[in-house]
Amino acid sequence: MALCWVVDPGAADVGKTCLVDRYLHGRFDGTSRPTVGAAFGAKTVHRNSTVITVGIWDTAGQERFESISKLYYRGAKAALVCFDLTNKASFSKVRFWVDELKAYAPECLIFLVGTKADLVEAGVPREVTEAELTKVCQEAGAVSVKNTSSKSGANIAELFDEVVNEVTDRFQGRGGGPQTRAPSRLPATLW
Ligand code: GDP
Ligand code: MG
């Protein structure tokens, strides 16, 4: 069994916890509370004949947690950098997270994730254009950018399928598969 480590940095309130909740548990809880520090969840998936455990650190986006987040980047195989499609300010933080990842986890594959696509479909003004997404995706050297909705579930399975496939392809044969360890310097209270 292999372990695939994913972290999900992004500004506060963009919908990171809901994204993880939708993927891991297939549910949407509109009343989710701010994440303190970070929360860990895992799911087992099958790819070809391999069983893969996808471990996800759902990190908090608030400023005071940014230094803690760095501990989670180390050893991560993939990072889902999240932003809210209806909130330009959250999109402007993408570059910050990408720079952090490149500094602290240079091997980590970056996936850009636009959240709350259901709001856009319901008529809430979209504040990030497709052209901007394409440009930032290229500049960041990200694998892809996907628009998702944790509320409707749109594109969530596709996103994580792509993450698992890309991580497996990239890291297979290096140290026996996409196996990795938990960050070693985490404060005990965060486990
Ligand atoms: P986090 O701080 O990035 O972890 O954000 P949360 O997951 O806690 O979500 C912040 C707020 O956005 C909550 O009120 C959620 O109900 C809402 N939210 C998250 N994802 C979606 C979505 O896909 N659609 C809609 N309409 N609201 C969402
Ligand atoms: Mg959260």
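Where does Asn 155 lie? I found Asn 155 in the loop between β6 (144-147) and α7 (156-171); helices (H or I, at least four residues) and strands (E, at least two) are DSSP runs, numbered from the N terminus.

**Ground rules.** I am working from a predicted model, where local features need pLDDT of at least 70, side-chain atom pairs count only at pLDDT 80 or more, and totals for chains, interfaces and linings use all residues. Residues are numbered from 1 along each chain as its sequence is written, chains are lettered from A and ligands numbered from 1 in the order in which they are written, and side-chain values use heavy atoms, with hydrogens and water left out.

**Backbone.** I kept in mind that most residues other than glycine have a negative phi. Asn 155 has a positive phi of about 70° although it is not a glycine. I read its relative accessibility as 28%, so Asn 155 counts as partly exposed (buried is under 20% relative accessible area, exposed over 50%, partly exposed in between, with a 1.4 Å probe and protein chains only). Lys 116 is not a glycine either, and has a positive phi of about 65°. Lys 116 sits in the loop between β5 and α5 (117-121) and is partly exposed, at 24%.

**Ligand 1.** Lys 116 came up again here: one of its polar side-chain atoms lies 3.0 Å from an oxygen atom of ligand 1 (a polar contact is a pair of N or O atoms within 3.5 Å). For Lys 16 I noted 2.8 Å from a polar side-chain atom to a ligand 1 oxygen, and for Thr 17 2.9 Å. There are 17 residues around ligand 1, near meaning that a heavy atom lies within 4 Å. Asp 13, Lys 16, Thr 17, Cys 18 and Asp 118 come nearest.

**Aromatic rings.** How many aromatic pairs are there? I get four, pairing rings of Phe, Tyr and Trp (its six-membered ring) if their centres lie within 6.5 Å, with planes under 30 degrees apart stacked, over 60 edge-to-face and the rest tilted. Phe 40 and Trp 57 have ring centres 5.1 Å apart and planes at 55°, so this pair is tilted. The pair links distant parts of the chain, with Phe 40 in strand β2 (residues 38-47) and Trp 57 in strand β3 (residues 50-59), 17 residues apart. Phe 40 is partly exposed at 42%, whereas Trp 57 is buried at 1%. Phe 83 and Phe 91 make an edge-to-face pair, 4.8 Å centre to centre with 65° between the planes. Phe 83 is buried at 0%, and Phe 91 is buried at 9%.

I also looked for charges over rings (NZ of Lys or CZ of Arg within 6 Å of the ring centre and within 35 degrees of the ring normal). Lys 43 has its charged end over the ring of Tyr 23, 4.4 Å from the centre. Lys 93 does this over Phe 96, at 4.6 Å.

**Cores.** Which residues have the most contacts inside the largest nonpolar core? Phe 83, Val 94 and Leu 112 do, in a core of 27 residues; such a core is a set of buried Ala, Val, Leu, Ile, Met, Phe, Trp, Tyr and Cys residues joined through side-chain atoms within 4.5 Å. Among the elements giving two or more residues to this core are β1 (2-7), β4 (78-84) and α4 (94-104). A second, separate core has 24 residues, including Val 14 and Leu 159.

How values were computed
A polar contact is a pair of N or O atoms within 3.5 Å; within protein, one must be able to donate a hydrogen and the other to accept it, and residues adjacent in sequence count only if both atoms are side-chain atoms.
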